[in-house]
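Work through these exercises with the model open. Try each task before reading its solution.

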Amino acid sequence: MTAKDPFTGAAVVAGVCGWPVRHSRSPRIHNYWLRRYGIDGVYVPFAIDPANAVEAFRSLSKLGIRGLNVTVPNKEHAFRAMDALDPSAERMKAVNTIVVREDGSLHGSNTDAYGFLESLRESRPGWRAETGPAVILGAGGAARAIVSGLQDAGAPEIRIANRTAARADEIAAEFGVPVKPVSWDERADALEGAALVVNATSLGMEGKPALDLALDALPKDAVVYDIVYVPLETPLLASARARGNAAVDGLGMLLHQARPGFRAWFGTDPEVDAGLRAHVLADLGK
């Protein structure tokens with residue numbers, strides 16, 4: 001294959017669906033890997049109306065599509081359309097990766113927790129969940145995935161704070177020990193003794209107000225992670241670096257969560273490297 005003819009009529013087809021879907025960076029990630037590994041495949045966006053999502057997912061095998069990534073608002077619809085689910089998707093009640101098996105059945109997984117943990121381990125190779133308490137800010141889908149991942153990884157305590165307290169309470173009740181809800185007004189105090197802080201809200205994202213969080217009580221050896229990646233350096237991360245804390249941006253989670261799907265569809269375990277990161281950053285900068 002050449003740069004002018006990257007795939008053939010026999011190409012493996014996968015893609016991403018959402019409503020809308022044009023904002024997704026997944027095609028940039030997966031097509032980079034396809035070119036890098038010389039795979040006869042293509043990854044394309046599909047705009048799927050939520051009203052037709054379940055029917056569309058059930059038609060994937062008839063269309064010869066190997067699988068899809070699923071973004072908002074179709075993750076819950078994908079959950080209902082699957083024939084089989086991995087434990088993470090079962091727990092999250094949401095699917096972000098669909099694999100069409102050889103018999104035409106649909107297998108759904110949720111790779112957000114995997115992406116979060118892998119990016120954290122890549123950025124901080126010595127990091128261990130059992131080192132100390134984690135503080136999670138937010139209670140949306142990303143927060144639930146992060147709580148799930150940290151719980152499985154052995155975090156001794158997970159403190160979760162959200163502007164709407166009831167949602168943090170729901171997550172704590174659903175996941176049980178070691179998850180503990182914390183009042184949003186007490187979020188700064190909750191940092192005392194923490195080994196990890198994660199902003200799982202949209203605060204700090206381009207066009208949104210910054211996350212208001214005083215870091216005074218945070219130990220200097222704690223890691224500060226922000227799932228926002230536009231901008232890459234959020235006010236939270238800048239504050240963390242200024243006081244000597246290790247800071248991890250959200251781009252790694254985006255890149256690593258894509259790996260399991262690519263491996264299942266195209267048969268290669270792709271590497272998240274500096275070239276991929278630069279390739280995606282070039283698009284983010286537009």
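**Exercise 1. In which sense do strand 1 and strand 2 pair, and over how many bridges?**

Solution. Locate strand 1 at residues 12-18 and strand 2 at residues 41-47. Strands here are DSSP E runs of at least two residues, helices are H or I runs of at least four, and both are numbered from the N terminus. Pairing requires at least two DSSP bridges between two strands. These two pair in the parallel sense, over seven bridges. As a check, find G18: A47 in strand 2 stands opposite.

The model is predicted: local features need pLDDT of at least 70, side-chain atom pairs count only at pLDDT 80 or more, and totals for chains, interfaces and linings use all residues. Residue numbers start from 1 along each chain as its sequence is written, and side-chain values use heavy atoms, without hydrogens and water.

**Exercise 2. Which residues make the contact between helix 6 and helix 7?**

Solution. Start with helix 6 (residues 112-123) and helix 7 (residues 141-153). Contact means heavy atoms within 4.5 Å. Helix 6 contributes D112, A113, F116, L117 and R121. Helix 7 contributes A145, I146, G149, L150 and A153. Now sort them: seven are nonpolar, one polar and two charged. Nonpolar covers Ala, Val, Leu, Ile, Met, Phe, Trp, Tyr, Cys and Pro; charged covers Asp, Glu, Lys and Arg; the others, Gly among them, are polar.

Technical notes: Axes are lines fitted to C-alpha atoms, for helices over the stretch in contact, and angles run from 0 to 180 degrees between N-to-C directions.
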